Amino acid sequence: MSNSIKAITFDLDDTFWDVKPVLINAEMKTRKFIEDRVGKLEWGSWEDFKIIREKLIFEDASYEFDVGKLRKKLLLMKIEERITDPQAALNLSEEAFKLFFIERNKVDFFPSVLDELEKLSQKYVLGCLTNGNANIKMIGIEEFFKFNISSKDVKANKPSENHFHEAQKLLDVNRDEILHIGDHPVNDMQGAIDYGFKALWFNPNKEVWNLEGLEKPPEFFSWIGVTEKIDCL
Ligand SMILES: [Mg+2]
């Protein structure tokens, strides 16, 4: 076991599973659920979504870091195009979001993730730091982790220091005794390194490191054998 690492924090989406197909499936099922009850709707483009999101954040800053609240609001706005009774619209949006959330937590792990988490959890204290709203209990991996800190919990998104600060508080070890593993160069690697954590980059697509001003951290391309790799860091 490594002499210096006592705890490991992990990003969730795109680190343990590919999140894009999960979100597309959840979104499609939720839209169908709503349309089955109110008729066909125009869901708008990605550009439309970004404009509405910015407008909502301008009115209420919590939409920036609470993705569940944002999604519920967007669903409600769509439903309100067809249902004028405010309570009925709200009820349907809540039912729709429940369905979305169940589907959002049905994931396919990258090969060996569960085996490696099992091994790592016997050697290190583990925690999760996510900007999303994946639920480790619903996903079935809660047993491996001491905590799962979301952006909603700390009112900010990585790379800001809030997740890392809260993790260190809960782990109660020195910053450089914590290793953070994630896929995102800025949110995960830069955020963790700036706060004083060690960092290990999950880079399954063998992307080129292009963050100026930050040396490329150690990387890995597949979860197979990652416990041994961490032991040697
Ligand atoms: Mg990620």
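Two notes on what you're looking at. This is a predicted model, where local features need pLDDT of at least 70, side-chain atom pairs count only at pLDDT 80 or more, and totals for chains, interfaces and linings use all residues. Numbering starts from 1 along each chain as its sequence is written.

Okay, the overall layout. The domain assignment, which is an automatic or database one, gives domain 1 as 7-17 + 108-231 and domain 2 as 20-104. Taken over C-alpha atoms, the centres of domain 1 and domain 2 are 29 Å apart. Where they meet, eight residues of domain 1 are in contact with five residues of domain 2; contact here is C-beta atoms, placed from the backbone, within 7 Å.

Now the sheet. Helices (H or I, at least four residues) and strands (E, at least two) are DSSP runs, numbered from the N terminus, and two strands pair if DSSP finds at least two bridges between them. What we have is an open sheet of six strands, ordered E3-E2-E1-E4-E5-E6, with parallel pairing. Which strands stand at the edges? They're E3 (147-150) and E6 (219-220), each with a single partner strand, so one side of each has no neighbour in the sheet.

Let's go to E4, residues 178-182, which runs parallel to E5, residues 198-202, with four bridges joining them. Along that pairing, Ile-181 has Leu-200 as its bridge partner in E5, and Gly-182 sits opposite Trp-201.

So, are the faces of E4 covered or uncovered? Both are covered: Ile-178, His-180 and Gly-182 are buried on one side, and Leu-179 and Ile-181 are buried on the other.

Next along is E1, residues 7-10, joined to E4 in parallel by four bridges. Ala-7 stands opposite Ile-178 in E4, and Thr-9 stands opposite His-180. Ala-7 and Thr-9 point one way from E1, Ile-8 and Phe-10 point the other way, and all are buried. E1 also pairs in the parallel sense with E2, residues 125-130, over four bridges, with Ile-8 opposite Leu-126.

Now the helices. H9, residues 185-195, lies across E4 and E5 and runs at about 165° to E4; for that angle, axes are lines fitted to C-alpha atoms, for helices over the stretch in contact, and angles run from 0 to 180 degrees between N-to-C directions. Together E4, H9 and E5 make a right-handed β-α-β unit, meaning that with the strands pointing away from the viewer, the path from the first strand over the helix to the second runs clockwise.

Last stop, H8, residues 162-171: its buried residues are Asn-162, His-163, Phe-164, Ala-167, Gln-168 and Leu-171. These pack against E1, E2, E3, helix H7 (151-154), E4 and H9. After H8 comes Asp-172, with a positive phi near 55°.

Conventions. Two residues are in contact if their C-beta atoms, placed from the backbone, lie within 7 Å. A residue is buried if 20 or more other C-beta atoms lie within 10 Å of its own, exposed if 12 or fewer, and partly exposed in between; C-beta atoms are placed from the backbone.
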